[in-house]
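Me: I am new to reading protein models. Please take one part and look at it closely with me.

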Amino acid sequence: MLIWLNGKIIDEKDFYISPLSPTLHYGTGVFEGIRAYEQRKNVAGIFRLKEHAKRLVYSSKILVGKKVLEEKEIEKAVIETLKANKVTEAYIRPLFFLSGGQIGLENIEKSKPSLLVAVVNYPPFLDKKPIKVKISSYRKIPSICQPQNAKLSANYVNSILATREAKEAGYDEALLLNIHGKISEGAGENIFLVKDEIIYTPPVSEDLLEGITRNSVIKIADYLGIKVIEKPLSIADLFNADELFFTGTAAEIVPIGNVNGFVISEKIGKITKKIMETFDKIKRGKIKDFSHWITEVEISH
Ligand code: PMP
């Protein structure tokens, strides 16, 4: 694999990071997950590149305390990485990290802030059949302790603990409550419920990441004439739902059939299905109203 590192394309084997890198020791990095979908032969389409670049800039600002990245630089880096690897379908992983060996907790900027972009072949990891979800015994880290609306590497220890617990108990994915016992989000996904043909999702104040797929689903629902309400949700609201689904770049849109052994629905719900089908068309550039979500990149072999 070729990676983009601080403006240059290099082989991943030539990548070096100090063994004392603070990112390695303390998780002081921020990252993105972006997907590219093949639009036509030799044409990749990057899904909502601008929004991902904007969120990476925001996350890095939260980490460092000032603006250190430019949206345009990130967009260019992502495009160059796809071209260098000659792929039209990929999961793209930009990471802002500290590659130098400054062991103290202070002065992040002395630790060589760096940006890399890698691509991997990572098909949507969750099956599109209704999945089984476990409400985790780990609560979501409150944003007042560590901002959850920034994609901080360190936030993911919380997600990884919850995922391990869920998988060991035989579930497909974990769902985390916030410290107040309200629904926050999945380990790597936002959650939506459908009740009486209205879609509900928790607001960002519930210690969650404002997902770009979440935003896409809200816009798709509007396009389809389905009402969306953002409000705090309880476990009882989940058990009362007609349909439940997760959203995220890696997972895309995944129906949830079962929570803690409680059956929500055996089959994919009607509204979930409509949203999934519309999303699948949009990601391939097949709906004109959403073509501005796709950045096309010619891949030459
Ligand atoms: N929440 C968390 C904790 C995530 O890691 C992700 C994946 N980035 C999401 C939600 C979904 O965000 P997006 O739709 O932007 O991928």
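Reply: First, the ground rules. This is a predicted model, so local features need pLDDT of at least 70, side-chain atom pairs count only at pLDDT 80 or more, and totals for chains, interfaces and linings use all residues. Residues are numbered from 1 along each chain as its sequence is written, and side-chain values use heavy atoms, with hydrogens and water left out.

Now the two parts. Domain 1 covers 2-120 and domain 2 covers 131-283; such bounds come from an automatic or database domain assignment. Taken over C-alpha atoms, their centres lie 26 Å apart. Domain 1 gives 22 residues to the contact, and domain 2 gives 21. Contact here means heavy atoms within 4.5 Å.

Next, the area. The two domains bury about 1,800 Å² between them, with 60% of it on carbon and sulfur atoms. Buried area is the accessible area (1.4 Å probe) that two parts lose on being put together, summed over both.

What about pairs across the interface? Eleven residue pairs are in polar contact between domain 1 and domain 2, both residues at pLDDT 80 or more. A polar contact is a pair of N or O atoms within 3.5 Å; within protein, one must be able to donate a hydrogen and the other to accept it, and residues adjacent in sequence count only if both atoms are side-chain atoms. Salt bridges across this interface number zero. That term means a side-chain nitrogen of Lys or Arg within 4 Å of a carboxyl oxygen of Asp or Glu.

Look at the side of domain 1 that touches domain 2. At least two residues each come from β3 (30-31), β4 (34-40), α2 (49-64) and β6 (90-98). Helices (H or I, at least four residues) and strands (E, at least two) are DSSP runs, numbered from the N terminus. The largest share, seven residues, comes from α2. By class, this side has eleven nonpolar, six polar and five charged residues. Ala, Val, Leu, Ile, Met, Phe, Trp, Tyr, Cys and Pro count as nonpolar; Asp, Glu, Lys and Arg are charged; the others, Gly among them, are polar.

Stay with α2 for a moment. Its residue R55 forms a salt bridge with E32, which sits in the loop between β3 and β4. The closest N and O atoms are 2.8 Å apart. The two residues are 23 residues apart in the chain. Side chains of opposite charge can pair when their charged atoms come close. The whole structure has 17 salt bridges.
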